[in-house]
Amino acid sequence: MLVIKDLTKIFYRGTSNENTALNNINLTVNEGDFITIVGSNGAGKSTLLNSIAGVFPVEKGKILLNGKDITCQTEYKCAKNIGRVFQDPLSGTSPEMTIEQNLSLAISKSNNLSLKWGLTSYKRKIIKKHLKKIDLGLEDRLTTKVKLLSGGQRQALTLLMATVADPGLLLLDEHTAALDPATAIKIKKLTAELINENNITTLMVTHNMEDAIKMGNRLIMMDDGQIIYDITGKNKDNLTIEKLLKMFENKHGSKFNNDRILLSV
Amino acid sequence: MNLSFALTSLEQGLAFALMALGVFITFRILDFADLTVDGSLPLGAAVSARLITAGVNPFFSLAAALFAGGLAGTITGFLNTKLKIAPLLSGILTMTSLYSINLRVMGRPNIPLISRETIFSITEDWGLAYPWNNIILLAALIIAAKLILDAFLNTQLGFALRATGDNPQMIRSMGISTNSMKMLGLIISNSFVALSGALVGQYQGFADVNMGIGTIVAGLASVIIGEVLIGEHSIVVTTLGVIVGSILYRFSISIALNLGLAASDLKLLTAIIVVIFLSTPRLKKILR
C-alpha cells in the first residue's frame with residue numbers, strides 16, 4: 001500500500017555541509033504492517049518519515065500511497081491520509097482550545113472544512129466514545145483546555161486524534177521519548193491498542209531497542225541513509241537486543257553510536 | 001464629566017469596537033501582528049465617504065467598505081503566504097500603499113460629510129432622536145457583527161482558524177493549509193476594521209487620510225482592557241470583553257482630555273498604557 005522507490009534526500013546540496021540523509025531507499029509497506037524503525041544518530045529515520053509526510057521536497061524517487069503518487073506534495077495535502085505523532089507532546093494539539101474542540105477537528109479531518117457547527121450533540125457523543133477508549137477520564141473533561149493536561153495526557157490525546165479519522169498510514173516519530181517511563185509504557189500500550197483496533201498501517205521510529213523488537217510485525221534498521229536490515233516473521237520474533245547490536249556491528253564495522261539507545265539498553 | 005461626554009465616549013467606543021474585534025482576530029486568534037489596520041480603517045472611511053458624496057445609499061457604502069477591507073487583507077495575506085514576507089512587514093507594506101490608495105479613492109485628503117445623508121441622519125429621519133439614533137444603530141450593528149463572529153468561530157472552519165494561531169503544526173497534521181487560514185483571518189479582520197472606519201467616518205462627519213494613525217495601538221489597548229477585565233473565557237464572552245474594552249478605552253481617553261491633557265499627547269499615553277498592560281505578566285514574574 002505504501003511503496004517507496006529510489007528515495008533520495010540531500011540536505012544543503014551544493015554546499016560544504018552537503019548531507020545525503022536518504023540514499024536510494026526502497027521499501028514496500030504492506031497493508032496492516034506495523035514497522036518499527038531503529039538506527040544510529042543521523043541514519044535518516046526522521047527524514048524518511050518527514051519525506052513521506054511531504055514536509056520537504058526530495059531530490060529523487062517516488063512515494064506511492066495506495067497507488068497514488070504523493071511525492072513532493074505539501075505537508076497539509078499529504079496529511080489528509082496520514083496520521084502523525086511527534087516526540088514533543090505539545091506539538092499535536094491546540095493548547096488554547098478544549099479537548100472536545102481538538103477532537104472535533106480530528107474527526108472532521110477527512111471532510112472538507114465547512115460552516116457546519118464544530119460541535120453538535122451527536123459529535124459530542126462520538127468524541128466521548130473515543131475518549132473512553134483511552135481510559136484517562138478525559139470524557140468527563142470535554143470542555144477543559146488542552147494546555148491544562150499533562151504531557152502524557154496530551155500525547156494520548158494526540159495519538160487518538162491521529163488515529164480517529166482512520167488514516168491510511170500512521171507515522172510515529174519517537175512519540176514516547178519525551179515522557180516519563182511510567183507514562184511512556186501507558187502510551188505504548190495505547191498505541192498498540194489503537195493500531196490493532198483499526199488495523200492501521202504504521203511506521204514507528206524508536207530509540208528503544210526493546211520496543212522495536214517487541215512491538216510491530218516488522219523491524220527496519222537504518223544506517224547512513226540506507227535500510228540495512230528488514231526483519232519480519234520468525235526472524236523478528238527471535239530477535240534480542242544483543243543480536244540486533246551484533247548485526248549492526250557486522251554491517252557497519254563499528255559499534256552502534258546512538259547514545260540514547262545505548263543508555264536505554 | 002457630564003452626560004454628553006459619556007454619551008460621546010459610548011458612541012465612539014461602539015464605532016471603534018468593530019476595529020477592536022478585527023485586531024482581536026489577527027492579534028489574538030491568528031497570532032499575526034497585522035499593521036494593515038492603520039490603512040484599512042481610513043480605507044473604509046474613504047470608500048464610504050466617496051460613495052456617499054456620489055449619492056450612493058450610506059448603508060450600501062458600509063457594504064462597499066467591508067469589501068474593500070477584505071481586499072486589503074487579501075493583499076497582506078498574499079505578501080505573507082505567497083511571497084513569504086514576514087507578517088509585520090507585510091502589514092506595513094500594505095498599510096503604506098493604502099495611504100496612496102486612500103488619497104486616490106477620496107481624490108483629496110479629506111471629505112466632509114456634515115451636510116450629507118449618513119446612516120445616522122437616516123435613522124434620525126425614522127423618528128429616533130439624538131443620541132438614541134446613534135447608540136441604537138451602532139449597538140445593533142456591533143451586536144450583529146459580534147454574534148456572526150461568535151457563530152463563525154464555533155463552526156468547523158472557525159475551529160481551524162483558531163487552532164492555526166495556536167499550533168500551526170497541528171493544523172497541518174489535520175490536513176488544513178495554514179496559509180489559507182491566515183488569508184481567511186486577515187480578510188475577516190480587515191473587513192471588520194474597514195467597516196469600523198466607515199462607521200467612524202459617518203459618525204464624526206468626515207473621512208481623513210490621516211485618521212488611521214495609531215489604529216493598531218488603540219485596537220490592542222481595547223483588546224487588552226477587555227482581557228484584563230474579563231479574563232479567560234469562551235469566545236462569546238471574550239468578544240464581548242473586546243467591545244467593552246473598546247468603550248472603556250474611549251472613556252479613559254475622554255477622561256484624560258477632561259483632565260486637561262493635550263489631544264496631541266493621546267497617542268503617547270495610549271502607547272504607554274499598552275506597554276504597561278503587555279508587560280504586566282512579565283513584571284509580575286520578575287517581582288515575585
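This is a predicted model: local features need pLDDT of at least 70, side-chain atom pairs count only at pLDDT 80 or more; totals for chains, interfaces and linings use all residues.

The crossing of H3(A) and H7(B) is left-handed, a term used when the near helix is turned anticlockwise from the far one by less than a right angle, right-handed being the clockwise case. Helices here are DSSP runs of H or I with at least four residues, and strands are runs of E with at least two, numbered from the N terminus. On the side of H3(A) the contact involves A:Gln101, A:Ser104 and A:Leu105, and on the side of H7(B) it involves B:Phe159, B:Ala160 and B:Ala163, where contact requires C-beta atoms, placed from the backbone, to lie within 7 Å.

Residues are numbered from 1 along each chain as its sequence is written, and chains are lettered from A and ligands numbered from 1 in the order in which they are written.

Turning to the sheet, chain A has an open one of six strands in the order S6-S7-S8-S3-S9-S10, with mixed pairing, and pairing asks for at least two DSSP bridges between two strands. Its edge strands, each pairing on one side only, are S6 (82-85) and S10 (226-232) of chain A. Within this sheet, S7 (residues 169-173) and S8 (residues 201-205) of chain A run parallel and are joined by five bridges, and A:Leu169 has A:Thr201 in S8(A) as its bridge partner.

Note on methods
Two residues are in contact if their C-beta atoms, placed from the backbone, lie within 7 Å.
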